[in-house]
Amino acid sequence: MNIIIYGLIFIIGTLFGSFFTLAVYRIPLGEDILYKHSFCPNCKAKLTFTDLIPVVSYIALGGKCSHCGEKIRIRYLLLEVLSGVVFLLVALLFDVNVMIVNTKMVIYFLFYILYISSLFIIAGIDKENITIQRSLLVFALILSLCYMTYVYILNNSVIYTYIIYLVCMILLLIADAFSLKKYLQKSYTVGILALSLYIMIFSGPTVSYLTIILTLIIIGIRMIIIDIKERKKKKITTIARDDIKMPIGFYLCVSNILLILICNFLNV
Ligand SMILES: [Zn+2]
């Protein structure tokens with residue numbers, strides 16, 4: 001019986017995966033993500049119901065659009081599978097079980113699914129555009145508020161640190177909306193700070209610190225790789241360090257999802 005539930009959670013994960021692709025593409029353009037029909041970016045043909053079945057449609061159509069035959073990037077398929085796997089792992093983590101219905105666990109599971117989904121979308125947009133989408137940070141804020149209220153009702157304590165994080169997040173977003181924009185480069189820094197606070201609210205101290213450390217390591221490695229490439233081209237570092245654009249938010253989100261799974265499975 002549990003196998004059916006876990007299979008279902010995997011399928012829902014792949015559906016979310018295909019939604020992430022759509023959200024990453026549409027949110028920066030300010031387009032509707034819920035009601036507008038999906039279409040092929042090449043021939044603009046509306047996708048039929050069968051075209052929209054994750055993974056299966058990709059394999060059945062041989063990775064091509066059923067209307068114009070244009071190749072569909074394999075990363076869409078990989079993202080769908082990956083998201084299915086992550087959903088499955090989160091379900092295992094919270095020990096979702098049909099035999100013992102535990103409301104508390106199910107609610108925690110749903111919070112984490114929403115949290116990880118938002119990280120997927122924030123990461124995708126940051127990777128494509130080097131920007132932390134403000135509308136998603138507002139979503140992050142609302143989700144954090146709900147989560148903290150729930151934790152407070154359950155435990156009646158230990159949320160004071162998180163209230164500080166939340167207040168900082170609100171102040172950052174308000175400041176960003178008004179004046180900081182002029183002083184900080186496209187206010188990417190504010191986006192990264194707010195994202196870090198969001199991660200700290202949901203991950204707890206250990207995973208948060210490890211996330212930041214892993215992100216710094218990734219940035220360091222990226223720097224070295226860029227440096228080596230530049231040297232090979234013999235353009236001996238004429239580019240200023242500040243001009244190197246790195247999707248820091250993407251690294252933060254990926255590190256965090258990885259570490260939440262690893263640390264919780266190892267019980268760190
Ligand atoms: Zn097409």
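Buried area is the accessible area (1.4 Å probe) that two parts lose on being put together, summed over both. I am working from a predicted model, in which local features need pLDDT of at least 70, side-chain atom pairs count only at pLDDT 80 or more, and totals for chains, interfaces and linings use all residues. Residues are numbered from 1 along each chain as its sequence is written, and side-chain values use heavy atoms, with hydrogens and water left out.

**Domains.** I looked up the domain assignment (bounds from an automatic or database assignment) and found domain 1 at 1–101 and domain 2 at 132–186 + 194–268. Their C-alpha centres lie 25 Å apart. For the contact (heavy atoms within 4.5 Å), I noted 7 residues from domain 1 and 8 residues from domain 2.

**Interface.** Domain 1 and domain 2 bury about 550 Å² between them, and 88% of that is on carbon and sulfur atoms. I then checked which residues contribute: Ile27, Leu89 and Leu93 supply 73% of the area that domain 1 buries against domain 2, more than any other three residues. I looked for salt bridges (a side-chain nitrogen of Lys or Arg within 4 Å of a carboxyl oxygen of Asp or Glu) across the interface and the count was 0.

**Zinc site.** I listed the protein donors of the zinc ion (N, O and S atoms within 2.8 Å of the metal, or 3.2 Å for Na, K and Ca): Cys40 (SG), Cys43 (SG), Cys65 (SG) and Cys68 (SG), at 2.3 to 2.4 Å. Along the chain the donors follow the spacing C-x2-C-x21-C-x2-C. The angles among the 4 donor atoms are 101 to 122° and the site is tetrahedral (four donors, all angles between 85 and 135 degrees).

Terms used:
Four donors count as tetrahedral if all angles lie between 85 and 135 degrees; four count as square planar and six as octahedral if opposite donors are over 155 degrees apart and all others between 65 and 115; anything else is irregular.
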